[in-house]
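Hello,

Here is the structure we talked about. Please open it alongside this message; my notes follow below.

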Amino acid sequence: MGRLGYSLADWLSGANPPPIARFLKMDMRSCAGGESVLAMRVEAAHHNPMGTVHGGILCDLADAAMGTAVASLLAPAESFTTAELGARFLEPMIDGLVTARARVIRKGRSVAFVECEVSDEGGRVVGRFDSTCLIRHA
């Protein structure tokens, strides 16, 4: 397993999450085989001027879930970067636990397509996201 794989394992164990995950207090619940589940608790500190969770916060969570799903399929000499991120916000979120469930739809030699659903504690889907990731070879 390459450097990226070890950092996924560290994050999954809770030992060493990446800086953005520490900052937003994201918790990795699972990550393997092209699927990843991340969660975080949102509150007033994450609100926009309308008093709901800022869409960028949900994008950060979804992007991290989709990125780790892709990373779980990479060979040791591979890395990736997000080339495109799509977001559809379906319901407002105010506070509570949000969970992002991501899965790789297709991974080729140079591109991976990923989708993610973000839901609240009651299972209500608050957003759907998709991503195109470029695979890089060392």
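Start at Met26. In this predicted model, Met26 touches Trp11, Ala21, Leu38, Ala39, Met40, Asp60, Leu61 and Ala64, leaving aside residues up to four places away in sequence. Met26 also belongs to the largest nonpolar core, which has 36 residues. Together with Cys116 and Val118, Met26 is among those with the most contacts inside that core.

Which elements supply the core? Those giving two or more residues are helices H1 (3–13), H2 (19–24) and H3 (55–71), plus strands E1 (27–32), E2 (35–42), E4 (96–107), E5 (111–119) and E6. H3 gives the largest share, with 11 residues.

Now the sheet. It is open and has 6 strands, in the order E1-E2-E4-E5-E6-E3. The pairing is antiparallel. E1 and E3 each have a single partner strand, so they stand at the edges, and one side of each has no neighbour in the sheet. On average, neighbouring strands are turned by 20° against each other, direction ignored. H3 packs on this sheet and touches E1, E2, E3, E4, E5 and E6. The direction of H3 makes about 155° with that of E2.

Two strand pairs deserve a look.

- E1 and E2 are antiparallel, with 5 bridges. They form a hairpin with 2 residues between them. Gly33 sits in the turn and has a positive phi of about 60°. Ala32 has Glu35 in E2 as its bridge partner.
- E5 and E6 also run antiparallel, joined by 9 bridges. Here Ala112 stands opposite Cys133 in E6.

Last, the aromatics. How many aromatic pairs does the structure hold? It holds 1. The ring centres of Phe89 and Phe129 are 5.9 Å apart and the planes meet at 75°, so this is an edge-to-face pair. Planes over 60 degrees apart count as edge-to-face. Phe89 lies in strand E3 (residues 78–89) and Phe129 in strand E6 (residues 125–137), so the pair ties together parts that are 40 residues apart in sequence.

Phe89 counts as partly exposed, because its relative accessibility is 46%.

Best wishes

Technical notes: Residues are numbered from 1 along each chain as its sequence is written. This is a predicted model: local features need pLDDT of at least 70, side-chain atom pairs count only at pLDDT 80 or more; totals for chains, interfaces and linings use all residues. Side-chain values use heavy atoms; hydrogens and water are left out. Rings of Phe, Tyr and Trp (its six-membered ring) pair if their centres lie within 6.5 Å; planes under 30 degrees apart count as stacked, over 60 as edge-to-face and the rest as tilted. Helices (H or I, at least four residues) and strands (E, at least two) are DSSP runs, numbered from the N terminus. Buried means under 20% relative accessible area, exposed over 50%, partly exposed in between (1.4 Å probe, protein chains only). A nonpolar core is a set of buried Ala, Val, Leu, Ile, Met, Phe, Trp, Tyr and Cys residues joined through side-chain atoms within 4.5 Å. Contact means heavy atoms within 4.5 Å. Two strands pair if DSSP finds at least two bridges between them. Axes are lines fitted to C-alpha atoms, for helices over the stretch in contact, and angles run from 0 to 180 degrees between N-to-C directions.
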